[in-house]
Amino acid sequence: MGKITGEGGPELEQGTPVQEVLQRDAASKEKAPKVMQEQIDSKSPNGTRSFSTLARRRQEALVSFEDSGIEASGRNFELPALPLASNMHLKHRYAPIVKQVTNLLMRDGKLSVAQRNMAMILNHLRTASPPTVDPERPLLPGAPPASHLPLNPILYLTLAIDSVAPLLRIRSQKGIAGGGAALQMPMPLALRQRRRQAVMWILDAASKKPTRGSGRGGFARKVAEELVSIVEGRSGVWERRSVVHKAAVGARANLNIRRR
């Protein structure tokens, strides 16, 4: 446009001062604020102004990509290092034992109810008084002091389940020694199998307890109380574990029998 009209283009860095506009328009000057009228009437050096009809350019407010260090791909943060940790996946955000116990608590496919009960169990373990460990039924080696267990309810849960989890199971096999007689064979269990058997014993013992009060958190309270009794050595689950281990020790002689 400046080339067509023979004049320079508009100056974008600075706008026309309001005082200059009001000096050319007397009617607008009378309606202007008194402060601006005093500034116009006062003898001030040329070029000084407090107001402008044009806002400053946004170059100072807008940050360019080069100055901000933002890449053209749109990433504001660095990508995580690969390979990703196991707990960074959405489906693996819970501890393995918490997920396993939640699945065993679930009935009729109602996962939300099982998750609510699991949360109640952990909350009960966190708010309960520190347990008193029985020396005749010690917990796993390397366990923290009993007074520290309520500070970490997941560790509390893990310690209670792993302490009563059986190491073996008894399996009946027919014809291993010839004929139709079945022999008892001890079989080792993996970690998830051991925990599953312990949780099933705990749930069975909790279901036999009398219900106190009302509400939907009654069963979760009974399971949490059973876990506390396991740590204190008062639960009957310890007896079930010892029975399985004694039977497995008595049947270990059958492992030397060869198949015929």
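This note sets out points on the salt bridges and one surface patch of a predicted model.

1. Basis of the values. The model is predicted, so local features need pLDDT of at least 70 and side-chain atom pairs count only at pLDDT 80 or more, while totals for chains, interfaces and linings use all residues. Residues are numbered from 1 along each chain as its sequence is written, and side-chain values use heavy atoms, with hydrogens and water left out.

2. Salt bridges overall. The whole structure contains seven salt bridges, each defined as a side-chain nitrogen of Lys or Arg within 4 Å of a carboxyl oxygen of Asp or Glu. Side chains of opposite charge can pair when their charged atoms come close.

3. Arg195 and Asp162. These two residues form a salt bridge in which the closest N and O atoms are 3.0 Å apart. The pair links distant parts of the chain, with Arg195 in helix 9 (residues 191–207) and Asp162 in helix 8 (residues 153–164), 33 residues apart. Helices here are DSSP runs (H or I, at least four residues), numbered from the N terminus. Arg195 counts as buried because its relative accessibility is 13%, and Asp162 counts as buried at 10%. Buried means under 20% relative accessible area, exposed over 50%, and partly exposed in between (1.4 Å probe, protein chains only).

4. Lys209 and Glu226. A salt bridge joins the side chains of Lys209 and Glu226 (3.1 Å, N to O). Lys209 lies in the loop between helix 9 and helix 10 (218–231) and Glu226 in helix 10, so the pair ties together parts that are 17 residues apart in sequence. Lys209 is partly exposed, at 25% relative accessible area, whereas Glu226 counts as buried at 5% relative accessibility.

5. Glu225 and Arg212. The side chains of Glu225 and Arg212 also meet in a salt bridge (2.2 Å, N to O). Glu225 belongs to helix 10 and Arg212 to the loop between helix 9 and helix 10, so this pair ties together parts that are 13 residues apart in sequence. Glu225 is partly exposed at 22% relative accessible area, and Arg212 is exposed at 55%.

6. Nonpolar surface patch. Leu82, Leu84 and Met88 form a nonpolar patch on the surface, together with about 360 Å² of accessible area. Such a patch is made of residues with over 30% relative accessible area and no salt bridge, nonpolar side chains (Val, Leu, Ile, Met, Phe, Trp, Tyr) being joined within 5 Å. Accessible areas come from the Shrake-Rupley method with a 1.4 Å probe, and for residues only the protein chains shown count as cover. Leu82 is placed in the loop between helix 5 (65–68) and helix 6 (96–105); Leu82 counts as exposed because its relative accessibility is 72%.

Terms used. Patches are made of residues with over 30% relative accessible area and no salt bridge: like charges are joined within 9 Å, nonpolar side chains (Val, Leu, Ile, Met, Phe, Trp, Tyr) within 5 Å. Helices (H or I, at least four residues) and strands (E, at least two) are DSSP runs, numbered from the N terminus.
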